[in-house]
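Subject: Structure handover

Dear colleague,

Please find the structure below. My notes on what was found in it follow.

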Amino acid sequence: NGGWQVYAVGWLLVMPFWFALVSLRPHPDDALPLLAVMGLVWVADVCAYFSGKAFGKHKIAPAISPGKSWEGAIGGAVCVAVYMTAVRSAGWLAFDTGWFDTVLIGLVLTVVSICGDLLESWLKRAAGIKDSSNLLPGHGGVFDRTDSLIAVISVYAAMMSVLN
């Protein structure tokens, strides 16, 4: 479905993600910091979902993703702050900053995560499709499972090149 533009957008999203994965794990011992940032995405997503279900009243972008609420985003961000504090204490991060900067980085990546999810939803709506693929039926496609990871890992790799 779709013309060359759909494939071009896919490549423009996936290529930086691929290079980010390669740069963030140049050696097998570097897996833990990469897993820690992936965990950030999962914590943000799961906690935002449950916070939004429990408290969500104000929609972020109802025309793009009607299920996303500001309350869910705030709940996800609070949980990410706690998560980043824990992984910093455990020494799992690829950077060494103070507590405040660590939490700030986590919050920036949470915003990137939400934006990545919204971008993928917007692209699907613009293309007039419900699922980005049929590989995972009922899950919106592969990109619905990885949209936030694609955005966060790419931005995180750029941040690491600046911080390290």
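Is Tyr156 buried or exposed? Tyr156 is buried, because its relative accessible area is 2%; buried means under 20%, exposed over 50% and partly exposed in between, with a 1.4 Å probe and protein chains only.

Before the rest, the ground rules. This is a predicted model, in which local features need pLDDT of at least 70 and side-chain atom pairs count only at pLDDT 80 or more, while totals for chains, interfaces and linings use all residues. Residues are numbered from 1 along each chain as its sequence is written, and side-chain values use heavy atoms, with hydrogens and water left out.

Overall layout

The protein chain has 5 helices and 2 strands, taken as DSSP runs numbered from the N terminus (helices are H or I with at least four residues, strands are E with at least two). Along the sequence the pattern reads α-α-β-β-α-α-α. Of the 164 residues in the protein chain, 36% are buried. The protein chain exposes about 9700 Å², with 70% of it supplied by carbon and sulfur atoms; the areas come from the Shrake-Rupley method with a 1.4 Å probe. Taking contacts (heavy atoms within 4.5 Å) between residues at least 6 apart in sequence, 61% join residues at least 24 apart.

Core

A nonpolar core here is a set of buried Ala, Val, Leu, Ile, Met, Phe, Trp, Tyr and Cys residues joined through side-chain atoms within 4.5 Å. The largest one has 27 residues, and Met84, Leu109 and Ile153 have the most contacts inside it. At least two residues of this core come from each of α1 (4–24), α2 (31–55), α3 (70–90), α4 (99–127) and α5. The most are given by α5, with 9 residues. Leaving out residues up to four places away in sequence, Ile153 touches Phe17, Ala20, Leu21, Leu24, Leu34, Val37 and Met38.

Tyr156 belongs to helix α5 (residues 142–163). With residues up to four places away in sequence left out, Tyr156 touches Leu24, Pro33, Val37, Ala94, Phe95 and Leu109. Tyr156 and Val37 are 119 residues apart in sequence, yet their C-alpha atoms are 8.0 Å apart in space.

A cavity is a set of points, on a 1 Å grid over the protein atoms alone, where a 1.4 Å probe fits but cannot get out; lining residues have an atom within 4 Å of a point. Grid points are joined across faces, edges and corners, and a volume is the space filled by probe spheres set on the points. The count comes to 1 cavity of 30 Å³ or more. The largest cavity holds about 40 Å³ of space. Its lining is made by Pro33, Val37, Leu40, Met84, Leu93, Phe95, Ile105, Leu109 and Tyr156. Two or more of these lining residues come from each of α2 and α4, and α2 gives the most, with 3 residues.

Trp99

Trp99 is found in helix α4. Trp99 is partly exposed, because its relative accessible area is 46%. Not counting residues up to four places away in sequence, Trp99 touches Thr85 and Arg88.

Regards

Notes. 1 Å grid on protein atoms, 1.4 Å probe; cavity = no way out; pocket = protein on both sides within 12 Å on 5 of 7 lines; lining within 4 Å.
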